[in-house]
Amino acid sequence: MSKTFTKAEVANHKDEKAGMYIIVDDGVYDIAGFLDDHPGGAKILKRVAGKDATKQFWKYHNEHVLTKYGAKLKVGTVAETAKL
Ligand code: HEM
């Protein structure tokens, strides 16, 4: 589970079929399967799909949330350049 994604690749994942990726810090999380379980609602998550949501994430959550759900949702890390 240590895939590296470029921001462009993350941006291509923004619907429930392709996967819905968001960036928080240097982590990439697939929130497609979490939409209905998100206590903050699906709508707000869909709005940041494919984007860096670091600022929004830390506005509404603390470290505890990533500790609890992070491992389950994390699909990799983000890098500026793709490692081929
Ligand atoms: C990995 C991604 C995310 C996970 C695992 C997650 C998880 C959670 C959890 C567990 C809560 C319940 C409150 C708490 O325990 O602190 C919550 C609430 C909330 N989340 Fe998220 N969240 C994620 C991403 C986001 C993003 C990207 C946004 C905004 C764009 C967002 C907006 C909110 C809001 C507005 C609430 C409600 C806060 C409140 O009612 O006080 N979440 N989320």
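This is a predicted model: local features need pLDDT of at least 70, side-chain atom pairs count only at pLDDT 80 or more; totals for chains, interfaces and linings use all residues.
Author: Buried means under 20% relative accessible area, and exposed means over 50%.

Reader: Which exposed residues does the face of H4 turned away from its buried side carry?

Author: That face carries His64, Thr67, Lys68, Ala71 and Lys72.

Reader: And which residues of H4 are buried?

Author: Leu66, Gly70 and Leu73 are the buried residues of H4. They lie on the same side of the helix, because the arc they cover around the axis is only 80°.

Reader: Next, the ligand. Which residues come nearest to the ligand?

Author: A residue belongs to the surroundings if one of its heavy atoms lies within 4 Å. There are 17 residues around this ligand, and His38, Pro39, Leu45, His61 and Tyr69 come nearest.

Reader: What lies 2.8 Å from a polar side-chain atom of His38?

Author: A nitrogen atom of the ligand does. For His61, a polar side-chain atom lies 2.7 Å from a nitrogen atom of the ligand. Helix H2 (42-47), helix H3 (54-60) and helix H4 (63-73) are the elements that give two or more residues to the shell around the ligand.

Reader: How many residues of the shell around the ligand are nonpolar, polar and charged?

Author: The shell has 13 nonpolar and four polar residues, and no charged ones. As for the site itself, the ligand takes up the space of the largest pocket.

Reader: Back to His38. Where does His38 lie, in terms of strand S4 and H2?

Author: His38 is in the loop that runs between strand S4 (27-30) and H2. Its relative accessible area is 14%, so His38 is buried. The side chain of His38 also reaches the backbone oxygen of Gly41, at 2.7 Å.

Reader: Is Leu45 buried or exposed?

Author: Leu45 counts as buried because its relative accessibility is 10%. This residue has its place in helix H2.

Reader: One backbone matter remains. What is the phi of Asp25?

Author: Asp25 has a positive phi of about 55°, although it is not a glycine. Asp25 lies in the loop between strand S3 (19-24) and S4. Values between the two cut-offs are called partly exposed; Asp25, at 41% relative accessibility, therefore counts as partly exposed.

Technical notes: Residues are numbered from 1 along each chain as its sequence is written. Side-chain values use heavy atoms; hydrogens and water are left out. A polar contact is a pair of N or O atoms within 3.5 Å; within protein, one must be able to donate a hydrogen and the other to accept it, and residues adjacent in sequence count only if both atoms are side-chain atoms. On a 1 Å grid over the protein atoms alone, a cavity is a set of points where a 1.4 Å probe fits but cannot get out, and a pocket is an open set with protein on both sides within 12 Å along at least five of seven lines; lining residues have an atom within 4 Å of a point. A molecule sits in a cavity or pocket if more than half of its atoms lie within 2 Å of its grid points. Helices (H or I, at least four residues) and strands (E, at least two) are DSSP runs, numbered from the N terminus. Ala, Val, Leu, Ile, Met, Phe, Trp, Tyr, Cys and Pro count as nonpolar, Asp, Glu, Lys and Arg as charged, and the others, Gly among them, as polar. Buried means under 20% relative accessible area, exposed over 50%, partly exposed in between (1.4 Å probe, protein chains only). The arc is that of the directions from the helix axis to the C-beta atoms.
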